[in-house]
Amino acid sequence: MAPELHCGNYRLSLERPLIMGIVNVTPDSFSDGGRHFDAAQAVAHARQLVEAGADILDIGGESSRPGAQPVSEEEELRRIVPVVEALAELRVPLSIDTVKPQVMRRTIAAGASLINDIAALQAPGALRAVADSGAAVCLMHMQGEPRTMQGDPRYGDVVAEVHDFLAQRVAVAQAAGIGRERIVVDPGFGFGKRLEHNLALLRALARFGDLGAGVLAGLSRKSMLGEITGRKVGLRETASATAALLAARNGARILRVHDVAATRDALAVWAAVEGTR
Ligand code: 7PM
């Protein structure tokens, strides 16, 4: 596994798991404060995540959220760019959750260091948008498309199929000029997967280490944790921190989470038991 992730101007050691805090930049339907209010809220939340120990911030304008309404490129940029500009001064690497090449280019120009693409750079122009920059990329597996993917997901061997897809996307990205030191892979928990598929992937996470890229895991508050615990989305903090810890133990090097403090505590207990801090 790559010991270091080259991420724009940053070099991130992957020796220990890093925490990626989730920042949603979405219109607040309960306020009429408008765009400035949305952006200001997102920036304030992001600062709290850094305060709580986030190593990376993942900024999303909701275009790629499963089940969400598609958002135009213009609207996505209007939401995200002001937040990226405001957070660039925090000296924390900024990741952008987008599938759109122009959003990639514009946010990288505004200071983003990592592109988190749930479509693994398959959109026309996406490979070049990242290759032309120094930004890193997260290549994620998804079966189907967000609107319909949870309808009837099927696999022969889910681990083999997700692994082969990611191996192919790593090869394509490398051929386009994106070196392995700039690539992270992600099995895409919940993206066209039933509970049994998600559990098989979590158990076998270490097998993705042979791709020569850091592994990212996004389990935070997901419905699989609701199925396991019977808890609604707002009450899945303990389950999320536990799942993040298990992913880290199985080799994940970046943990995409909402609950940064709880995740940090879980990792601290693990590190103490291992005698590594
Ligand atoms: C509704 C359902 C809203 C699911 C939001 C989601 C991942 C991601 C997301 C992930 C990477 C969420 C997801 N999940 N990017 N973006 N990996 N790389 O729970 O697992 O945040 S959106």
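**Close-up 1. Helices α8 and α9 are oblique to each other in this predicted model.** Helix α8 (residues 237-249) packs against helix α9 (residues 260-274) at an angle of about 45°, and their axes lie 9 Å apart; angles under 35 degrees count as roughly parallel, over 145 as roughly antiparallel, 65 to 115 as roughly perpendicular, and the rest as oblique. Axes are lines fitted to C-alpha atoms, for helices over the stretch in contact, with angles running from 0 to 180 degrees between N-to-C directions. Helices (H or I, at least four residues) and strands (E, at least two) are DSSP runs, numbered from the N terminus.

**Close-up 2. Residues of α8 meet residues of α9.**

**Close-up 3. Strand β4 (residues 56-60) is largely enclosed by the rest of the structure, because five of its five residues are buried.** Buried means under 20% relative accessible area, exposed over 50%, and partly exposed in between, with a 1.4 Å probe and protein chains only. Ile56, Asp58 and Gly60 cover one side, while Leu57 and Ile59 lie on the other.

**Close-up 4. Strand β4 pairs in the parallel sense with strand β3 (residues 18-24) and with strand β5 (residues 94-97).** Two strands pair if DSSP finds at least two bridges between them; β3 and β4 share five bridges, whereas β4 and β5 share four. Glycine 21 has leucine 57 as its bridge partner in β4, and glycine 60 stands opposite aspartate 97 in β5.

Residues are numbered from 1 along each chain as its sequence is written. Local features need pLDDT of at least 70, side-chain atom pairs count only at pLDDT 80 or more, totals for chains, interfaces and linings use all residues, and side-chain values use heavy atoms, with hydrogens and water left out.

Definitions and conventions:
Contact = heavy atoms within 4.5 Å.
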